[in-house]
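User: I have some questions about the terms used for this model. Please set each value against its definition.

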Amino acid sequence: MQHVLHLKDASIFQGDSLVLSDVNVEINKGDFVYLIGKTGSGKSSFMKTLYGDLQLTKGEGSIVDFDLRNLKEKDIPFLRRKLGVVFQDFKLLTDRTVNENLLFVLKATGWKDKKEMNTRVEEVLDKVDMKTKGFKFPHELSGGEQQRVAIARALLNNPELILADEPTGNLDPQTSVEVMEVLRDINKNGNTILMATHDYALLLKYPSKTLKCDDNQIFEVVQRKA
Ligand SMILES: Nc1ncnc2c1ncn2[C@@H]1O[C@H](COP(=O)(O)OP(=O)(O)OP(=O)(O)O)[C@@H](O)[C@H]1O
């Protein structure tokens, strides 16, 4: 099995306070993994550590071949290129269209050929069923459509791992299911996904490997079939 993420005896701190300790987590290529836990239990801190927003200061950690203990400021853009990150609040640029949002990311990550860039934008929009809406501004889209665009953006550079932090947190139940279907399709096509969520309804509907943050620890939850 090929690891895309491996943490061994890791501790995660916010300043001086310990958020998670003895973290031992492995995610393999092709997995779909949920991360659950109460507010304040450390899900976001865990995610931030993985995309280089929070330094790992204790234990071992590697993600898509980057060593989290020895991650330098200059490595972070390269790490982010191998990850696709999706947030609760979409984080689209409001002053430009969907196409321009995606082209902006391609440009920032070193793409040069205009034709190739346009083709890639079409491809990722197609994957989230938003191909006909590239000319729209974010405010002209529903929340679910904006999140699908954010997922398309995360896919642009063929990430080895997608980190989704509460991707359905701002969406109604029906729209959450639609966004979840998109994430599952992407997973079926080979993308590895780690998704932090509060949404137990989604977990029940789409059971998958689940990690839980509780009491400063992360452990795997064994799901029982009803
Ligand atoms: N920037 C920060 N500086 C100091 N402490 C922080 C910071 N961010 C979070 N914390 C603390 O770290 C702990 C874990 O918070 P974290 O945001 O990781 O939890 P969470 O499980 O993601 O919660 P939520 O579901 O509300 O996002 C909390 O006690 C929180 O107060």
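Analyst: Helix α5 (residues 143-155) packs against helix α6 (residues 173-188) at an angle of about 20°, and their axes are 9 Å apart. This is a predicted model: local features need pLDDT of at least 70 and side-chain atom pairs count only at pLDDT 80 or more, while totals for chains, interfaces and linings use all residues. Residues are numbered from 1 along each chain as its sequence is written.

User: Why is α5 called roughly parallel to α6?

Analyst: Angles under 35 degrees count as roughly parallel, over 145 as roughly antiparallel, 65 to 115 as roughly perpendicular and the rest as oblique. The angle of about 20° therefore makes α5 roughly parallel to α6. Angles run from 0 to 180 degrees between N-to-C directions, with axes fitted to C-alpha atoms. The crossing of the two helices is right-handed, the near helix being turned clockwise from the far one by less than a right angle.

User: Which residues make the contact of α5 and α6?

Analyst: From α5 come G143, G144, Q147, R148, I151 and L155, and from α6 come T175, E178, V179, V182, L183 and I186. Residues are in contact if their C-beta atoms, placed from the backbone, lie within 7 Å. Six of the contact residues are nonpolar, four polar and two charged; Gly counts as polar here.

User: Why are β6 and β10 said to stand at the edges?

Analyst: The open sheet of six strands runs β6-β7-β8-β3-β9-β10, with mixed pairing. β6 (83-87) and β10 (217-221) each have a single partner strand, so one side of each is left without a neighbour in the sheet. Neighbouring strands are turned by 20° against each other on average, direction ignored.

User: How do you know that β3 and β9 pair?

Analyst: Two strands pair if DSSP finds at least two bridges between them, and β3 (residues 32-37) has five to β9 (residues 209-214), running parallel. I36 stands opposite K212 in β9. Helix α1 packs on this sheet, where it touches β3, β7 (161-165), β8 (193-196), β9 and β10, and its direction makes about 150° with that of β7.

User: What makes β9 and β10 a hairpin?

Analyst: β9 and β10 pair in the antiparallel sense over five bridges. The hairpin they form has two residues between the strands, and D215 in the turn has a positive phi of about 55°. D214 has Q217 of β10 as its bridge partner.

Technical notes: Helices (H or I, at least four residues) and strands (E, at least two) are DSSP runs, numbered from the N terminus. Two residues are in contact if their C-beta atoms, placed from the backbone, lie within 7 Å.
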